[in-house]
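Here are my notes for someone opening this structure for the first time. Have a look at the picture, then work through the points in order.

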Amino acid sequence: MIIDLHSHFNGGTKGDSPDTNFHKKSLDFILKEYDYCGIKCGGFTYFSAVHTNESVFEDNLLLFNQAKTNDRVYQWVVLDPTCDKTFIQVEEMLKSPKTLGIKIHSPLHKYDIDSYADKIFSFANDVKAFVLMHPDNIDGMVKYANKYKDMKLIIAHLGSEAHINAIKNAKHGNIFTDTSAGGMVSNNGLEYAVSKIGSEKIFFGTDTYACGYQIGRITYARISNEDKENIFYKNAVSHFNIK
Ligand SMILES: [Zn+2]
């Protein structure tokens with residue numbers, strides 16, 4: 001079994017990402033690719049909700065209703081820390097079994113992560129949620145993970161020494177990462193990460209990049225089968241309500 005914990009699709013809204021012959025962005029396409037590659041389900045946001053902060057609230061709502069009726073669609077609810085009503089929305093949506101946690105994207109939402117970190121992470125701590133973050137000031141995130149032990153932070157796109165150090169330095173063991181996007185193209189990155197931090201802190205994700213490429217990197221990694229299973233699905237099953 002494989003679970004794609006980090007992906008996106010176009011919801012048909014104004015802020016959709018360009019759908020091209022080289023990179024398709026529809027849920028339909030992604031689910032067909034899942035079928036082809038043996039991926040059971042995914043954790044999604046709309047592209048529009050992470051690309052800008054103009055329609056986060058509306059996008060969250062549309063995806064919430066879609067996740068309710070599609071077994072394979074789980075949701076990361078996008079939080080815009082400059083918009084208080086998204087905090088209320090997130091808290092409400094976290095009650096759904098289809099909601100995995102909170103997604104933040106400070107670079108594309110154009111806010112300084114350190115200015116909002118206490119607001120975001122203290123909230124996540126109160127509601128005991130996972131936060132999936134686009135990497136931003138990775139070294140600086142450790143102090144928040146240490147301060148807010150009931151939140152769990154996934155620093156996406158494993159691809160740097162900083163990811164590994166953050167996971168190692170989190171004294172409550174509450175920093176994680178995922179294999180999504182381009183970082184794993186390096187020929188020893190995954191093997192090195194597993195040798196330093198083990199496989200229990202690493203989730204599988206595609207970020208909509210070719211599933212075959214993303215799966216192949218792990219399938220052919222020089223790590224044990226047990227480590228591969230942890231990354232592909234066991235870690236996701238143990239931390240999230242995914243059946
Ligand atoms: Zn992403």
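Predicted model: local features only at pLDDT ≥ 70, side-chain atom pairs only at ≥ 80, totals over all residues.

1. A quick word on naming: helices and strands here are DSSP runs, a helix having at least four residues and a strand at least two, and they are numbered from the N terminus.

2. Start with the metal. Which residues coordinate the zinc ion? They are His6 and His8, each through NE2, and Asp207 through OD, at 2.1 to 2.2 Å. Along the chain, the donors follow the spacing H-x1-H-x198-D. His6 sits in strand β1 while Asp207 sits in the loop between β8 (202-203) and α10 (211-219), so this pair ties together parts that are 201 residues apart in sequence.

3. Stay with Asp207 for a moment. Its phi is positive, about 55°, although Asp207 is not a glycine. Is Asp207 buried or exposed? Buried means under 20% relative accessible area, and Asp207 comes out at 12%, so it counts as buried. His6 is buried too.

4. Asp4 is another one to click on. This residue belongs to strand β1, which covers residues 2-9. Asp4 is buried yet makes no salt bridge, and the nearest side chain of opposite charge, Arg72, is 9.9 Å away. Leaving out neighbours within four places in sequence, the contacts of Asp4 include Tyr34, Cys41, Phe204 and the zinc-coordinating Asp207.

5. Next, Ala156, in the loop between β6 (152-155) and α8 (161-169). Ala156 has a relative accessible area of 0%, so it is buried. Residues up to four places away aside, Ala156 touches His6, Leu132, Met133, Pro135, His163, Thr177 and Asp178.

6. Now the charged pairs. Side chains of opposite charge can pair when their charged atoms come close. How many salt bridges does the structure hold? There are 12. One of them joins Asp84 to Lys119, with the closest N and O atoms 2.9 Å apart. Asp84 is in helix α4 (residues 84-93) and Lys119 in helix α6 (residues 113-126), so this pair links parts that are 35 residues apart in sequence. Lys119 is partly exposed, at 36% relative accessibility.

7. Two further salt bridges are worth a look. Lys95 meets Glu92 at 3.0 Å, N to O, and Lys95 is exposed, with a relative accessible area of 61%. Asp150 pairs with Lys149 at 3.9 Å, N to O, and Asp150 is partly exposed at 30%. Shared partners bring Lys128, Lys149 and Asp150 into one salt-bridge network.

8. Lys110 deserves a check of its backbone. Its phi is near 60°, a positive value in a residue other than glycine. Lys110 lies in the loop between α5 (106-109) and α6. At 72% relative accessibility, Lys110 counts as exposed.

9. Finally, the surface. Val185, Tyr209 and Tyr213 make a nonpolar patch of about 290 Å². Tyr213 belongs to helix α10 and is partly exposed, at 33% relative accessibility.

Note on methods: Residues numbered from 1 in each chain as written. Heavy atoms only, no water. Buried < 20%, exposed > 50% of the residue type's maximum accessible area, 1.4 Å probe, protein only. Lys, Arg positive; Asp, Glu negative; His and termini not counted. Salt bridge = Lys/Arg side-chain N within 4 Å of Asp/Glu carboxyl O. Contact = heavy atoms within 4.5 Å. Donors = N, O, S within 2.8 Å, 3.2 Å for Na, K, Ca; no water. Patch = residues over 30% accessible without salt bridge, like charges linked within 9 Å, V, L, I, M, F, W, Y side chains within 5 Å. Areas by Shrake-Rupley, 256 points an atom, 1.4 Å probe, with all protein chains shown as cover.
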